[in-house]
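Let us walk through this structure together, going from the whole assembly down to a single residue. Please keep the sequence and the 3D view open as you read.

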Protein chains: 2
Amino acid sequence: MFSLPITLTHARDRPYKQQIARQIETLICSGRLQDGNRLPSITRLASLLQVSKNTVLGAYELLIDSNLIHSEPSRGYFVTPRHGRNGKRAIPDFVLDAPAGFSTRSVNRARASGVHVPPPSLPVRFDFKVGRPSVHAFPLRAFIHLSNQLLRHAGAAMADYTPPEGLWGLRLQIADYLSGSKGIKADPEHIIITAGTQEALSLIASHFLDRHAGAVHESPGYTGFYRLLDRHQAQAYPVPVDEHGLRTDLLPEHPVQLAFVTPSHQYPLGHTMSTARRQELLEWASRKGALIIEDDYDGDFCYGPALPAPLAAMSPRQVIYLGSFSKTLGPGLRLGYMVCPPALTPGLIARKALLNNGSPWLTQAVLARYFDEYDYTRHLQTVRRRYLEQRNTLIQGLKQIWPGSQSISGENAGMHLALRLPGHGPDAAAVANAALRRGIRLYPLDQAASAEIEPSVSRHLLFGYARLDSADIRQALRLLSLTLSRLY
Amino acid sequence: MFSLPITLTHARDRPYKQQIARQIETLICSGRLQDGNRLPSITRLASLLQVSKNTVLGAYELLIDSNLIHSEPSRGYFVTPRHGRNGKRAIPDFVLDAPAGFSTRSVNRARASGVHVPPPSLPVRFDFKVGRPSVHAFPLRAFIHLSNQLLRHAGAAMADYTPPEGLWGLRLQIADYLSGSKGIKADPEHIIITAGTQEALSLIASHFLDRHAGAVHESPGYTGFYRLLDRHQAQAYPVPVDEHGLRTDLLPEHPVQLAFVTPSHQYPLGHTMSTARRQELLEWASRKGALIIEDDYDGDFCYGPALPAPLAAMSPRQVIYLGSFSKTLGPGLRLGYMVCPPALTPGLIARKALLNNGSPWLTQAVLARYFDEYDYTRHLQTVRRRYLEQRNTLIQGLKQIWPGSQSISGENAGMHLALRLPGHGPDAAAVANAALRRGIRLYPLDQAASAEIEPSVSRHLLFGYARLDSADIRQALRLLSLTLSRLY
């Protein structure tokens with residue numbers, strides 16, 4: 001059944017194919033046509049609109065050129081999922097002029113924080129993208145219920161600026177959560193709500209870094225921090241990691257302002273930093289007067305023995321602790337938080353005010369009330385059970401493909417693991433390319449992280465296992481196994 | 001009727017007064033107790049909870065100390081409105097340590113973008129704050145309807161990062177609006193969604209400014225831009241304004257990267273820049289190779305003759321145009337946009353990605369659909385009629401208080417006007433102080449704007465008239481008139 005509201009009008013300067021394309025574009029962009037929806041066949045739409053098949057074909061071709069729809073052989077035309085689109089406008093009816101640097105755009109974007117990966121060159125059926133939660137992780141019904149409750153009386157809240165540091169109620173709930181789950185005794189006063197971890201890093205970078213500053217980061221490590229160092233022209237000191245986390249014996253003796261670490265689940269290799277290393281890091285930072293950034297991006301999920309105490313619990317005055325709801329609820333929310341050493345809080349709140357005057361009211365208010373009326377910890381447990389099962393399926397499959405000779409790291413926490421390929425045979429890029437031809441997207445480490453001084457980098461693949469369910473993971477690995485049997 | 005769920009438990013280290021205070025705090029912070037709600041009397045709560053009156057009094061005192069509630073003589077205890085709170089935690093049961101610089105906090109915050117004003121020292125009944133829309137301006141019912149529609153299928157959207165440049169559907173709608181209402185022919189491709197104008201300015205500043213850069217800004221002018229220059233250690237060139245807008249004859253001959261202007265309704269004096277001045281500014285910028293930032297923060301409301309064509313319509317390659325939904329819908333949304341010259345778009349999108357990976361999905365999706373299913377232009381007209389009436393009431397009242405000898409500027413557009421006090425008599429600060437003692441908050445220009453080189457600055461008062469309805473404005477001005485009769 002096709003009942004899309006498309007109206008054609010006679011106009012000399014507006015060919016039918018453009019009118020059709022423009023209206024379908026609006027239907028897609030406004031959400032009436034959803035990702036993966038099938039469009040009517042050319043014959044059917046031509047007959048409905050009483051135009052020639054060539055006109056409809058022309059319209060569909062405009063939309064295909066814009067990556068808004070795609071055709072699947074012998075199945076028909078489908079709306080392309082949002083993340084597969086490159087955003088190019090369908091009908092350039094009022095383009096000012098073609099931007100000179102247009103072709104550099106996806107490069108530019110991928111060079112930013114690293115979370116927006118360039119669209120794949122081939123259609124993807126199974127995507128092992130790192131850092132995406134399951135679509136079932138978001139508590140939709142609770143959020144609908146609470147949004148309704150809150151919006152009814154939102155006139156006054158919408159008519160004013162939110163406090164730059166975030167809503168008090170949400171900060172209070174986060175303090176309670178951190179105290180109960182992580183042993184971090186933070187006063188809500190020193191918690192600042194941000195639009196996710198990346199915004200927290202931007203605030204910290206603009207507050208502490210200039211061209212004379214130095215900062216330690218893990219290598220391989222999170223691109224979003226490394227790029228900020230680059231932008232601020234700060235001196236970057238990459239420090240390698242091993243299975244106990246950051247190699248504290250290789251910390252620099254130069255003056256350094258910041259040290260960025262991911263102790264719960266090192267990004268990207270997934271090691272958990274040992275308590276001994278944590279102590280050594282704190283001692284080093286204390287000698288240097290350096291501030292530690294503890295990015296606990298996905299440490300809310302743990303499958304093995306309990307994680308050691310966070311650095312922020314061991315020495316709150318030395319550490320800015322970063323938490324995020326992107327992994328536990330969803331990155332579409334754009335909410336995270338930073339727990340600041342008390343003396344640094346006022347300055348960082350002023351930074352946040354100068355940056356964007358605070359985060360949106362509604363999502364903060366809904367989330368605060370969600371904490372109050374629902375059980376966030378139980379939500380995490382439910383999601384954790386799901387991820388545990390998916391992780392086990394993945395590990396089992398990987399061990400069948402590479403029996404004995406691979407090595408897996410990072411499987412005890414978070415939402416992804418790293419696979420080190422055997423020393424012989426194709427490298428990570430070759431495996432990923434072969435997989436992509438079968439519709440499986442894999443992520444070689446050097447595409448998903450900054451990696452300056454890691455020699456074995458070309459042999460690591462990252463597998464995010466949160467978004468695909470166990471059946472998908474099994475199917476993807478079966479396909480992958482078939483594909484690889486030809487490579488080895 | 002008092003039916004708040006407060007439960008007391010015996011615990012040696014948790015006195016009842018702390019338990020009561022903590023639970024009332026949670027009720028306030030989670031929104032169950034709303035701004036202005038009356039709390040039960042001490043006698044009543046003591047009898048309900050079966051504790052002594054001293055215990056309840058102790059709890060209330062803790063909450064008063066935290067600015068969460070306040071007492072009104074012979075009326076009782078009330079929840080303090082959010083913006084009156086300083087955010088100090090009620091019960092410091094796990095405070096780490098007292099931050100040394102705590103007292104500098106409100107100063108720091110006010111020193112940021114200027115939109116968060118320090119709380120008043122006395123209770124305020126009529127607040128003429130600039131830049132706050134009416135609480136009736138936000139289309140609540142439409143947003144509730146659309147949020148419900150969209151959240152039902154939001155699992156996938158919440159589970160992924162939004163595009164850093166914003167949702168395509170929203171950018172398309174903004175392009176259509178700008179084309180129809182402002183004559184700006186922008187391709188959606190070159191529109192970037194931001195968390196309001198301040199975020200756009202932050203992005204621009206971090207993209208173009210360093211310690212060797214120079215930037216022109218209006219004086220008096222918008223604090224949020226001036227502070228960014230300061231943070232980036234860029235050279236600021238303040239240029240005066242008159243009734244035709246920026247004094248283009250006084251533009252500097254030094255090398256300059258950016259020029260920030262508010263041509264529709266100069267902030268804070270409210271003049272509209274003449275077409276001749278616009279041309280002169282564009283010619284100057286062209287000679288200098290400078291980029292113009294056109295901040296159209298409240299130009300969607302116009303009460304006199306139509307505004308001249310925006311600079312971005314006259315010369316799109318030279319201008320970044322900034323628009324905001326903070327004034328037309330509400331600042332609680334945290335949504336605005338920038339229209340970029342095509343060649344600069346990719347770089348600025350990468351900046352936005354590095355800053356915070358994009359704006360939240362839901363508010364963008366709701367707004368895109370709001371444009372699609374409702375009539376934004378008609379919404380603006382409805383709000384405009386309301387503001388016109390309030391503006392007329394305000395002007396009439398001001399002319400009665402200062403017949404003949406005052407001068408009013410900025411009344412032809414926007415949501416505030418500026419009053420220049422007569423040359424004799426008390427200055428703006430004295431009038432504002434006298435008014436505050438009667439519960440009327442007025443804003444001397446030098447508290448609400450950066451003003452380096454304006455000699456008459458101490459005689460200007462700003463009046464935001466969007467938030468108070470006509471009856472309130474009339475009553476406030478009657479009170480003000482009585483108060484001032486003693487000053488003159």
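Between them, chain A and chain B bury about 9500 Å², and 57% of that lies on carbon and sulfur atoms; buried area here is the accessible area (1.4 Å probe) that two parts lose on being put together, summed over both. What you are viewing is a predicted model, in which local features need pLDDT of at least 70 and side-chain atom pairs count only at pLDDT 80 or more, while totals for chains, interfaces and linings use all residues. Residues are numbered from 1 along each chain as its sequence is written, chains are lettered from A and ligands numbered from 1 in the order in which they are written, and side-chain values use heavy atoms, leaving out hydrogens and water.

Stay at the interface for a moment. Here 106 residues of chain A are in contact (heavy atoms within 4.5 Å) with 107 residues of chain B. The rule finds 4 salt bridges across it, a salt bridge being a side-chain nitrogen of Lys or Arg within 4 Å of a carboxyl oxygen of Asp or Glu. One of the salt bridges joins the side chains of Arg467(B) and Asp160(A), at 3.7 Å from N to O.

How are the two chains related? The same surface serves both copies, as 99% of the contact residues of chain A recur in chain B.

Now look inside chain B. Its 8 strands in the order 4-11-10-9-8-5-6-7 form an open sheet with mixed pairing. Strands (E, at least two residues) and helices (H or I, at least four) are DSSP runs numbered from the N terminus, and two strands pair if DSSP finds at least two bridges between them. Strand 5 (residues 214–219) and strand 8 (residues 258–261) of chain B run parallel, joined by 3 bridges. Within this pair, Ala215(B) has Leu258(B) as its bridge partner.

Finally, find Ala312(B), which sits in helix 11 (residues 311–314) of chain B. Ala312(B) is buried, with a relative accessible area of 7%; buried means under 20%, exposed over 50% and partly exposed in between (1.4 Å probe, protein chains only). Leaving aside residues up to four places away in sequence, Ala312(B) touches Ile184(B), Glu294(B), Val319(B) and Tyr321(B).
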